[in-house]
Amino acid sequence: MKFGKVEQPELVDFSFPKTHKDTERVLSSLDKNEKLSVFVGCAKWNKADLKGFYPRGTKDELIYYSSQFNSIELNATFYRQFPPEQFEKWKNKTPEGFKFFPKLTQDISHWKRLQGVADLVNYYLDAATRLEEKLGTIFLQLHANFGPKNFDRLQNFVESWPTEIPLTVECRHTDWFTEESVASEFYELLEKNGVSNTIVDTAGRRDMMHMRLTNNEAFIRYVGANHSSDYGRLDDWVIRLSEWVDLGLRNIHFFVHQNLEVESPLLAAYFINKLNAALGTDLKIPNEELQQSLF
């Protein structure tokens, strides 16, 4: 994932902004007796990207990947519409409790820019819902030039989205976050419609670390810089998520990217180990026997 890549990550201030005041309000209103649900994964499962992750002789990458992680951020669905049968095959290859978090296709988000997309969305949802109980939150990633002037398009899309299917939105144009009045209207739209507000932690776009949750879901896309600072940043996320859980957060969806994806499983294993210790969760540490030097 090249988004937000910088040449000298050591020069970036990776310190966390404070939790948004309205995040505290949202979380304080939630049922703290609800069971904590945590899903951590990578963005891809193919061997070409995750070099060194798969044992020699692995025949089916998804079967092995899903034996090590409990989820995948499914970026493949951004590049083309897959038929319903493909989603059914993915579902049948993975174990009970595994979840897919698929991205909406670029036809919807980038080419048509949310206009006249009803048929495309309906086809996509008919296919993706074949995952049944293994379907996690679907996410809409908008182009970086999709700015607040397009608010009406986003509003129409969000308000027409079926409420029974979880959705998260990732806006990349900086004005969604840096213009206070725009940000307020944007967050209100998501909160009112039960849609989560994606947080992106990447070196070159610290404005996207808005720390504003709009429902009972922290959907976080973490982009490491292939730099030693990557691990300290994950430590900070463990602290922040623990604080949010204490406030009432019950759904954590955290996906690890890298500029060079080869290290993503290593970072994810490190993060899962730390998160288990902090939250009392019992997520499997992927390839645990190979990761001991990290802990």
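Which residues does Phe254 touch, not counting residues up to four places away in sequence? The legends below begin with that view.

**View 1. Phe254 and its neighbours.** Leaving out residues up to four places away in sequence, Phe254 touches Phe39, Val40, Gly41, Ile220, Tyr222, Leu234, Trp237, Leu241 and Phe271. Touching, or contact, means heavy atoms within 4.5 Å. A quick word on the model: it is predicted, with local features needing pLDDT of at least 70 and side-chain atom pairs counting only at pLDDT 80 or more, while totals for chains, interfaces and linings use all residues. Residues are numbered from 1 along each chain as its sequence is written, and side-chain values use heavy atoms, with hydrogens and water left out.

**View 2. The largest nonpolar core.** This core has 83 residues, and the ones touching the most other members are Leu154, Val169, Trp237, Leu241 and Phe254. Helix H11 (residues 264-279) gives the most to it, with 8 residues. Another core, of 5 residues, lies apart from it and includes Phe101, Phe139, Phe219 and Phe255. A nonpolar core here is a set of buried Ala, Val, Leu, Ile, Met, Phe, Trp, Tyr and Cys residues joined through side-chain atoms within 4.5 Å. Helices are DSSP runs (H or I, at least four residues), numbered from the N terminus.

View 3. Ser264 is in helix H11, and because its relative accessibility is 0%, Ser264 counts as buried. The cut-offs are under 20% relative accessible area for buried, over 50% for exposed, and partly exposed in between (1.4 Å probe, protein chains only). Not counting residues up to four places away in sequence, Ser264 touches Cys42, Leu50, Val256, His257 and Gln258. Ala269 also has its place in helix H11, and at 0% relative accessibility Ala269 counts as buried.

**View 4. Helix H7 against helix H9.** The axes of H7 (residues 151-160) and H9 (residues 180-192) come within 10 Å and cross at roughly 15°. So H7 is roughly parallel to H9, a label for angles under 35 degrees. Axes are lines fitted to C-alpha atoms, for helices over the stretch in contact, and angles run from 0 to 180 degrees between N-to-C directions. From H7, the contact is made by Phe151, Leu154, Gln155, Val158 and Glu159, and from H9 by Glu185, Phe186, Leu189 and Leu190.

**View 5. Asp236 in helix H10.** Asp236 is found in helix H10 (residues 229-247), and at 30% relative accessibility Asp236 counts as partly exposed. Asp236 and Glu73 are 163 residues apart in sequence and 22 Å apart in space, C-alpha to C-alpha.

How values were computed. Helices (H or I, at least four residues) and strands (E, at least two) are DSSP runs, numbered from the N terminus. Angles under 35 degrees count as roughly parallel, over 145 as roughly antiparallel, 65 to 115 as roughly perpendicular and the rest as oblique.
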